[in-house]
There are 2 protein chains.
Amino acid sequence: MSLPIGFTDHPADLLRVGQGFSLAAAPTDAAPGYSGKKIDGAETLAERAPVLAQLQEQLFAESRFGGQKSVLLVLQAMDTAGKGGVVGRVVGAVDPQGVKLKSFKSPTEEEKAHDFLWRVRPAAPEPGMFGVFDRSHYEDVLIHRVHGWADEQELERRYAAINDYEQELVDSGTTIVKVMLNISQDEQLERLSARLHDPTKYWKYSPTDLDERQYWPAYMDAYQRVFEKTSTEHAPWHVVPADKKWYARMAVQELLIKELGGLNLQWPAGDFDVAAERARLKDA
Amino acid sequence: MSLPIGFTDHPADLLRVGQGFSLAAAPTDAAPGYSGKKIDGAETLAERAPVLAQLQEQLFAESRFGGQKSVLLVLQAMDTAGKGGVVGRVVGAVDPQGVKLKSFKSPTEEEKAHDFLWRVRPAAPEPGMFGVFDRSHYEDVLIHRVHGWADEQELERRYAAINDYEQELVDSGTTIVKVMLNISQDEQLERLSARLHDPTKYWKYSPTDLDERQYWPAYMDAYQRVFEKTSTEHAPWHVVPADKKWYARMAVQELLIKELGGLNLQWPAGDFDVAAERARLKDA
């Protein structure tokens, strides 16, 4: 596969979590594989949007004629890391009719009464759909580990259940793209501060953001463990440096383009006789 | 309210279905109230997209602090009239996190076993959401009337039920924007033909499109009746000329901007002590 414009290496290769990956050593304020600057990145994002949009349309079109493929983008990150921006700018550039977006909040009482995957399953994309999880089942091995809501044995059970569940999705035709947006603690401070100094952004701020921030090292440990346990062949993780929002968006866009591009999507031939329909049309 | 750029009259005033409205007399290939050309319209659409996006964000933000308002765009039209384009280009320009889109297909057996509004109710937007119905409960008084699947008495019951349902929505905080995209029979022929001469568009074509086309006059009668029965004060219809796709998109965008703009949306003040949080941040 040729490299996208401006890239010296494909972000999929550079950002994929493999054996021996260390989150502590992963950059936050870098643009791996990209030779351009912020202004170039914005241009690249705009130029590549129609490529992603067409791939999504083909995915959707195939499903209308029996295609079983779907895509699921799983987004995880610390607060303010830019999940919303990725959803708005990257996912937002494809046709909303083909997108199934689920934002996972604190579970309801009903959800809590079930196994942690219970609320996740119905949110998975149907054939042809581009699913997006804004937060996900990984919260159940992240915040739950950080706050001790699940013990070690239960966490082990959940890692295994997640891998099994994702294998099921893959077996049924879903391509899973897992992304952790990686910001530094300093960058988060800047962004929280920005929210507290702009009345149009107060609504995005919650005092609990600062509470959770105190657990930063525990979160990083929990993420490291997640990567070790669940960056599988069938559903690998990608850790995307996210201090530069423009890079993170571009990188996620390229990850999606690469995965969708690898599905060998085709425009469906249709299940009708084209010549006969053209003839009917003449009399219509 | 000042007029949007390029407009000599507001499309909301020109396109609203009032007393004595006649669909037969309504233009399809016109750009009411707009002084520009296609190229200007594309520019206007792009320029106004951030205005709509910000209004949507405020709507969403308010709901995070108890706001009960929502918006529902109801889209009805003959095949190929451009519902998909409106969803992609107009709705697609706002943050997907705030959009709840429902495409109504032929009802399932389960749906058929219930009253026609049963499947519609859960699709309505929650507070803060921008709901979109791509087709809607109006199919139950359109295709059902055309094919005689409901008799006159049942149709009358449904018109009344629709008005009651929409009143309920309005009473609970939903602003309803009902739009019929109005294309000519000739324009539909062109668009069907285009689909049948472009292999990347075969998937959008179905032989049943031509079948339904034969009922054109009956559909126009059914729409005329819908407008007479359900263009209410609380949820008026707008008939948008749609032979020019660029005009239809721009007009729907302006209808939405006007309705959202009229809600007096405000950025929430937040439910925390800003000064105290800023102080906490310094030590975080």
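Both faces of strand β4 of chain A (residues 174-182) are covered in this predicted model. On one side lie A:Thr174, A:Ile176, A:Lys178, A:Met180 and A:Asn182, and on the other A:Thr175, A:Val177, A:Val179 and A:Leu181, all of them buried (under 20% relative accessible area, with exposed meaning over 50% and partly exposed in between, for a 1.4 Å probe and protein chains only). Because nine of its nine residues are buried, β4(A) is largely enclosed by the rest of the structure. Strands here are DSSP runs (E) of at least two residues and helices are runs (H or I) of at least four, numbered from the N terminus.

Strand β4(A) runs parallel to strand β1 of chain A (residues 70-77), to which eight bridges join it; strands are taken as paired if DSSP finds at least two bridges between them. Within this pairing, A:Thr174 is the bridge partner of A:Ser70. Five bridges also join β4(A) to strand β5 of chain A (residues 237-241), again in parallel, with A:Met180 partnered by A:Val239.

In chain B, strand β1 (residues 70-77) is mostly covered, eight of its eight residues being buried. B:Ser70, B:Leu72, B:Val74 and B:Gln76 point one way from β1(B), whereas B:Val71, B:Leu73, B:Leu75 and B:Ala77 point the other way. Parallel pairing links β1(B) to strand β4 of chain B (residues 174-182) over eight bridges, and B:Val71 stands opposite B:Thr175 there. Strand β3 of chain B (residues 130-134) pairs with β1(B) in the parallel sense over five bridges, B:Leu73 being placed opposite B:Val132.

Two residues of chain B other than glycine have positive phi values: B:Arg135, near 65°, and B:Asn264, about 55°. Most residues other than glycine have a negative phi. B:Arg135 is found in the loop between β3 and α5 (139-146) of chain B. B:Asn264 occupies the loop between α10 (245-261) and α11 (274-282) of chain B and, at 54% relative accessibility, counts as exposed.

Over all chains, the structure holds 44 salt bridges (a side-chain nitrogen of Lys or Arg within 4 Å of a carboxyl oxygen of Asp or Glu). In helix α4 of chain A (residues 109-112), A:Lys112 and A:Glu109 lie three residues apart, about one turn of the helix, and their side chains meet at 3.5 Å, N to O. A:Lys112 is exposed, with a relative accessible area of 52%, and A:Glu109 is likewise exposed at 62%. By contrast, A:Glu139, whose salt bridge with A:Arg135 has its closest N and O atoms 3.1 Å apart, is buried at 13%. A further salt bridge, of 2.7 Å, N to O, is formed by A:Arg225 and A:Glu152. A:Arg225 belongs to helix α9 (residues 216-230) and A:Glu152 to helix α6 (residues 152-171) of chain A, so the pair ties together parts that are 73 residues apart in sequence. A:Glu152 is partly exposed, at 38% relative accessible area.

Residues are numbered from 1 along each chain as its sequence is written, and chains are lettered from A and ligands numbered from 1 in the order in which they are written. Local features need pLDDT of at least 70 and side-chain atom pairs count only at pLDDT 80 or more, while totals for chains, interfaces and linings use all residues; side-chain values use heavy atoms, with hydrogens and water left out.
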